[in-house]
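Please keep the sequence and the model in view throughout.

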Amino acid sequence: MTRSAVHELSAAVAALGEAWVGALPPFGAEPGVVSVVVGQMSDPGLLRVLAAAGALIKRAETLSAALAGEVARRSPREGPRSGNLARREGFSSPGEMV
């Protein structure tokens with residue numbers, strides 16, 4: 001069974017959350033801005049978080065590309081305005097909309 005893009009994104013977010021928690025010191029990190037918290041991560045933990053963040057970004061970009069492609073498909077240059085999704089939404093082109 002194929003997992004949907006949303007399920008893949010959810011799984012990637014969960015994996016990032018697990019990697020994040022596992023990368024922090026055993027008794028928790030001192031609260032602060034992200035850069036301060038990241039600075040408290042172990043080297044192996046930092047690498048796991050980096051890999052998990054990369055996987056999440058890849059899945060999000062794949063979904064975004066599919067969505068942009070569909071917007072372009074639904075926004076043909078020729079034809080009436082009513083048949084052009086981007087123009088109906090107030091954009092001059094699919095690229096501007098995306």
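A: Let us begin with accessibility: buried means under 20% relative accessible area, exposed over 50%, and partly exposed in between, with a 1.4 Å probe and protein chains only. The model is a predicted one, in which local features need pLDDT of at least 70 and side-chain atom pairs count only at pLDDT 80 or more, while totals for chains, interfaces and linings use all residues. Residues are numbered from 1 along each chain as its sequence is written, and side-chain values use heavy atoms, with hydrogens and water left out.

Q: Is Ser75 buried or exposed?

A: Ser75 is buried, because its relative accessible area is 4%. Helices are DSSP runs of H or I with at least four residues, and strands are runs of E with at least two, numbered from the N terminus. Ser75 lies in the loop between helix 3 and helix 4 (85-88).

Q: Which residues does Ser75 touch, not counting residues up to four places away in sequence?

A: Contact means heavy atoms within 4.5 Å. With that sequence limit, Ser75 touches Asn84, Leu85, Ala86 and Pro94.

Q: Which residues make up the largest nonpolar core?

A: A nonpolar core is a set of buried Ala, Val, Leu, Ile, Met, Phe, Trp, Tyr and Cys residues joined through side-chain atoms within 4.5 Å. Here the largest one has five residues: Ala19, Ala23, Met41, Val49 and Ala52. At least two residues of this core come from helix 1 (5-23), and at least two from helix 3 (43-73). Leaving aside residues up to four places away in sequence, Ala23 touches Gln40, Met41, Ser42, Gly45, Leu46 and Val49.

Q: How are the axes of helix 1 and helix 3 arranged?

A: Axes are lines fitted to C-alpha atoms, for helices over the stretch in contact, and angles run from 0 to 180 degrees between N-to-C directions. The axes of helix 1 and helix 3 come within 8 Å and cross at roughly 165 degrees. Helix 1 is therefore roughly antiparallel to helix 3; angles under 35 degrees count as roughly parallel, over 145 as roughly antiparallel, 65 to 115 as roughly perpendicular and the rest as oblique. Residues making the contact include Leu9, Leu16 and Trp20 of helix 1, and Leu56, Arg59 and Leu63 of helix 3.

Q: Where is Val6, and is Val6 buried or exposed?

A: Val6 belongs to helix 1 and is exposed, because its relative accessible area is 55%. Val6 and Leu63 are 57 residues apart in sequence, and their C-alpha atoms are 8.7 Å apart.

Q: Where is Leu50?

A: Leu50 is placed in helix 3, and it counts as exposed because its relative accessibility is 60%.
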